[in-house]
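Below is a short briefing for a reader who is new to this structure. Topics are grouped under plain headings.

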Amino acid sequence: MPRTTYPSKVDAILMIPLLCLALGCDLLSGALPTQAHVVAFAARLLMLLVLLLVVWTALGTWYAFDGRVLCIRSGPFRWKIELDDIHAVTPSRDLRSGPALSRDRLRIDYGAGRTILISPRDQAGFLRELQRRQLTQ
């Protein structure tokens with residue numbers, strides 16, 4: 001079976017606070033006294049790294065079916081879930097942490113009591129593909 005990829009839906013309401021936090025910290029570090037230039041530089045460098053992580057996560061979150069495996073990627077984080085291990089997939093608006101950039105989420109229950117939250121842009125297509133692949137042996 002060919003690989004099928006679904007990008008994450010992205011809610012600005014979830015991304016804007018993270019970007020504002022990075023910008024606010026950058027502005028605060030610029031307001032430090034000049035004798036604290038090393039601290040200001042370190043703070044700016046840290047905020048740049050946080051900003052890069054936010055952008056990497058926003059642009060690099062997707063879900064792909066590769067054979068009988070669901071591959072999930074969110075920035076530097078990766079998960080692989082065997083389709084046979086998936087017990088249930090239900091809609092969710094749970095705001096717990098997970099590789100989901102939208103409040104419009106799917107909760108995947110798999111393995112021995114494990115769950116993961118995802119937010120494919122095309123939820124209907126994702127669910128059809130999951131069902132098709134689970135039925136195909």
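What order and pairing do the four strands of the open sheet have? The order is 1-2-3-4, and the pairing is antiparallel. This is a predicted model, in which local features need pLDDT of at least 70 and side-chain atom pairs count only at pLDDT 80 or more, while totals for chains, interfaces and linings use all residues. Residues are numbered from 1 along each chain as its sequence is written, and side-chain values use heavy atoms, with hydrogens and water left out.

**Overall make-up**

- The protein chain has three helices and seven strands; helices (H or I, at least four residues) and strands (E, at least two) are DSSP runs, numbered from the N terminus.
- Along the sequence these elements follow the pattern β-α-α-β-β-β-β-β-β-α.
- The protein chain has 137 residues, of which 34% count as buried; buried means under 20% relative accessible area, exposed over 50%, and partly exposed in between (1.4 Å probe, protein chains only).
- The accessible surface of the protein chain is about 8400 Å², and 64% of this belongs to carbon and sulfur atoms; accessible areas come from the Shrake-Rupley method with a 1.4 Å probe, and for residues only the protein chains shown count as cover.
- Among contacts in the protein chain with a separation of 6 or more, 48% are between residues 24 or more positions apart; contact means heavy atoms within 4.5 Å.

- Two strands pair if DSSP finds at least two bridges between them.
- Axes are lines fitted to C-alpha atoms, for helices over the stretch in contact, and angles run from 0 to 180 degrees between N-to-C directions.
- Six bridges pair strand 3 (residues 69-74) with strand 4 in the antiparallel sense.
- Cys71 has Lys80 in strand 4 as its bridge partner.

- Strand 6 and strand 7 run antiparallel and are joined by five bridges.
- In strand 7, Leu117 is the bridge partner of Arg107, and Ile118 is the bridge partner of Leu106.
- The hairpin of strand 6 and strand 7 has three residues between the strands, and Gly111 takes a positive phi near 60 degrees there.

**Helix 3 and the sheets**

- Helix 3 (residues 123-135) lies across strand 1, strand 2 (61-66) and strand 3, at about 25 degrees to strand 2.

**Aromatic pairs**

- Three aromatic pairs are found in a search of the whole structure. Rings of Phe, Tyr and Trp (its six-membered ring) pair if their centres lie within 6.5 Å; planes under 30 degrees apart count as stacked, over 60 as edge-to-face and the rest as tilted.
- Tyr6 and Phe65 form an edge-to-face pair, 6.1 Å centre to centre with 85 degrees between the planes. Tyr6 lies in strand 1 and Phe65 in strand 2, so this pair ties together parts that are 59 residues apart in sequence.
- The ring centres of Phe65 and Phe126 are 5.0 Å apart with the planes at 35 degrees, so this pair is tilted. It links Phe65 in strand 2 to Phe126 in helix 3, 61 residues apart.
- Ring pairs link Tyr6, Phe65 and Phe126 into a cluster.
- Tyr6 is buried at a relative accessible area of 9%, Phe65 is buried at 0%, and Phe126 is buried at 0%.

**The nonpolar core**

- The largest nonpolar core has 15 residues, and Leu70, Ile86, Ile108 and Phe126 have the most contacts inside it. A nonpolar core is a set of buried Ala, Val, Leu, Ile, Met, Phe, Trp, Tyr and Cys residues joined through side-chain atoms within 4.5 Å.
- Strand 2, strand 3, strand 6 (105-110), strand 7 (114-118) and helix 3 each supply at least two residues of this core. Strand 6 gives the largest share, three residues.
- Not counting residues up to four places away in sequence, Phe126 touches Tyr6, Tyr63, Phe65, Leu70, Leu106, Ile108, Ile118 and Pro120.
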